[in-house]
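Here are some exercises to work through with the model open beside you. Take each task in turn, then compare your steps with the solution.

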Amino acid sequence: MPTLDVSELNIVLGVLGAFIILAGVISVKLKQVWYLGEALPAVILGIILGPIAAKFLDSDRWGSAEKGQTPEITLGIMRVMIGIQLVIAGYQLPAQYTRHRWREMALCLLPIMTIMWLCTSLCVLAAVPRVTLLAALVIASCVTTTDPILSQAVAKGPFADKYVARPLRELISAEAGANDGFGFLFLMLAVYLIRHADIPPSVEGAEDVAGAAVGAGTAAKMLVARAGDEVGRLGGGVGVALMNWFVETWLYIVLLSVAYGAVVGFGSCWIVKYALKRKWIDTESYLLFPAALGLFLVGTCGAIGTDDLLACFVAGSALNWDGAYLAETQRRHDEVNSCIDVLLNFGGFLYVGTVIPWSAFHDPDGTGLTYPRLLLLGVLVLLFRRIPAIFLTYKLMPASCANWKDALFMGYFGPIGVGAVFYVEHSRHLFPKLGEGDAEETDLARAIVPAVYWLVIFSIVIHGLSIPALNLVYTYMGIKPITEDSVAIRRISMHVATPVNAVPGNRDTFIAYNRFSRPVFDASQLPVIRDPPAKELYDMDGYDDEKERGRVRTVRYAAEDRV
């Protein structure tokens with residue numbers, strides 16, 4: 001007998017499917033006309049359908065419906081979403097990009113990130129009350145990294161195809177892929193400084209700590225055990241904090257993840273080439289390889305407790321180290337990985353919209369946060385988190401960031417997104433539960449979640465609307481799109497919309513300019529390009545007048561020289 005089964009699973013699947021269908025119907029308008037992308041519409045829908053409004057989607061009701069299960073669900077979703085897309089971002093870079101651009105990568109991952117971390121900490125201190133300097137360093141570390149998902153949209157989206165030079169786009173993409181894993185260095189340094197700070201014998205709130213004071217000639221140590229891990233105050237001073245930071249974070253979390261990702265990536269590169277040579281692997285399996293690699297690394301790195309995000313990006317880069325993997329995906333007209341990106345973005349950002357802690361944004365009696373303070377925090381972070389660091393260093397990377405305009409673009413478009421959500425949910429495991437720590441830890445536990453989530457929403461909205469606004473400004477000012485480095489791309493169907501910054505070639509091709517992906521790094525290694533014979537150039541179906549023929553006159557890849 002038919003029964004009505006309005007289960008949480010059915011609701012989630014129905015909502016996600018309906019949203020993808022409706023967004024897909026107007027996807028060309030969303031991406032190529034309005035320049036909105038997937039993140040902003042998905043978050044808005046999540047807010048509307050989440051617990052704060054329609055109460056249609058609520059992760060606390062999923063699965064076993066245990067109270068407080070949402071943070072664990074959020075952390076898991078973010079790990080899978082980011083990990084898979086970092087492998088894809090890694091292999092879409094030119095061959096050996098990190099070796100050729102090692103100076104720019106070193107600048108972005110060490111001095112620039114350090115300046116960003118410190119500047120953001122000052123912004124947090126200025127806007128968030130009742131937090132100490134060390135607590136501000138923890139909060140700032142969660143939003144120091146540029147979001148790998150939103151940054152890929154900036155670097156590879158339709159607006160970038162028109163107006164952003166490819167060297168800058170490649171650097172933005174590579175930096176966002178790598179620095180999301182490097183964020184552990186800053187988070188764990190702040191954590192260890194708090195954890196091993198010398199504690200006076202009498203600490204406000206010490207009676208709430210689950211543990212015991214251990215004297216032995218030093219300040220009291222308060223131990224809080226949760227899930228088998230030691231969190232809370234351990235004492236020992238700065239020396240112990242730095243030693244643990246170096247051994248546990250630098251060696252085990254960062255360097256081990258780099259080595260593990262490199263081994264898996266180079267091994268996968270060799271296995272794929274071996275299988276291709278013997279024609280063992282079909283097109284579907286070949287194109288799904290990055291997604292499978294991401295799932296494998298997220299699972300295994302999580303099992304051994306190392307940095308899965310950094311390992312995923314390193315593995316993706318190693319997979320395409322000689323450029324062969326990307327070249328083969330282009331020969332096979334890969335649309336699989338872009339579809340995986342879209343599916344993960346729609347689902348992930350829809351979920352983020354449902355878990356925003358709106359009630360914690362205005363708590364003047366608890367955290368001291370109010371909406372005016374949060375607006376101040378958002379503006380301060382937007383202006384001072386990244387732009388000063390890029391302006392101080394952009395002249396040291398002239399090959400990628402040519403002038404102050406490029407520096408301003410790179411500095412402004414450093415969005416905060418799902419990477420910050422990942423870090424704030426991960427930080428819950430590093431401190432005592434709310435009310436179980438001392439005053440500093442309790443104030444930090446109360447403030448970190450609303451502060452980070454607010455910056456995520458602020459960035460998604462501001463950066464999501466900045467691209468359409470900038471496109472209007474460029475159009476009004478008459479700035480012409482970049483028309484260099486043309487390439488013929490396959491017209492899959494006569495019903496396919498003309499890509500941004502491209503013109504129709506003939507019935508089978510578009511001529512596209514300034515495209516992101518290239519299998520090799522050095523321009524001298526790119527295929528030889530030449531004008532086709534005059535007869536072929538002007539013999540184009542559907543282009544009768546001289547003006548139209550002139551519009552599509554451009555150099556094309558010679559068929560025999562294509563990668």
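**Exercise 1.** What percentage of the 563 residues of the protein chain count as buried?

*Solution.* This is a predicted model, in which local features need pLDDT of at least 70 and side-chain atom pairs count only at pLDDT 80 or more, while totals for chains, interfaces and linings use all residues. Residues are numbered from 1 along each chain as its sequence is written, and side-chain values use heavy atoms, with hydrogens and water left out. Take buried as under 20% relative accessible area, with a 1.4 Å probe and protein chains only. The share of buried residues is then 53%.

**Exercise 2.** Describe the surroundings of Asp406.

*Solution.* Begin with its element: Asp406 sits in helix 20, residues 404–412 (helices are DSSP runs of H or I, at least four residues, numbered from the N terminus). Next, look for partners. Asp406 is buried but has no salt bridge (a side-chain nitrogen of Lys or Arg within 4 Å of a carboxyl oxygen of Asp or Glu). The nearest side chain of opposite charge, Lys405, is 8.7 Å away. Finally, setting aside neighbours within four places in sequence, Asp406 contacts Leu168, Ser400 and Cys401 (contact means heavy atoms within 4.5 Å).

**Exercise 3.** Which element gives the largest share of the lining of the largest cavity?

*Solution.* A cavity is a set of points on a 1 Å grid over the protein atoms alone where a 1.4 Å probe fits but cannot get out; lining residues have an atom within 4 Å of a point. The largest cavity holds about 100 Å³ of space. Among its 13 lining residues, Val381, Leu382, Arg385, Ile416 and His463 are closest to the centre. Helix 22 gives the largest share of this lining, 4 residues.

Terms used. Helix = DSSP H or I, 4+ residues; strand = E, 2+ residues; numbered from the N terminus. Buried < 20%, exposed > 50% of the residue type's maximum accessible area, 1.4 Å probe, protein only. Lys, Arg positive; Asp, Glu negative; His and termini not counted. 1 Å grid on protein atoms, 1.4 Å probe; cavity = no way out; pocket = protein on both sides within 12 Å on 5 of 7 lines; lining within 4 Å. Points joined across faces, edges and corners; volume = space filled by probe spheres on them.
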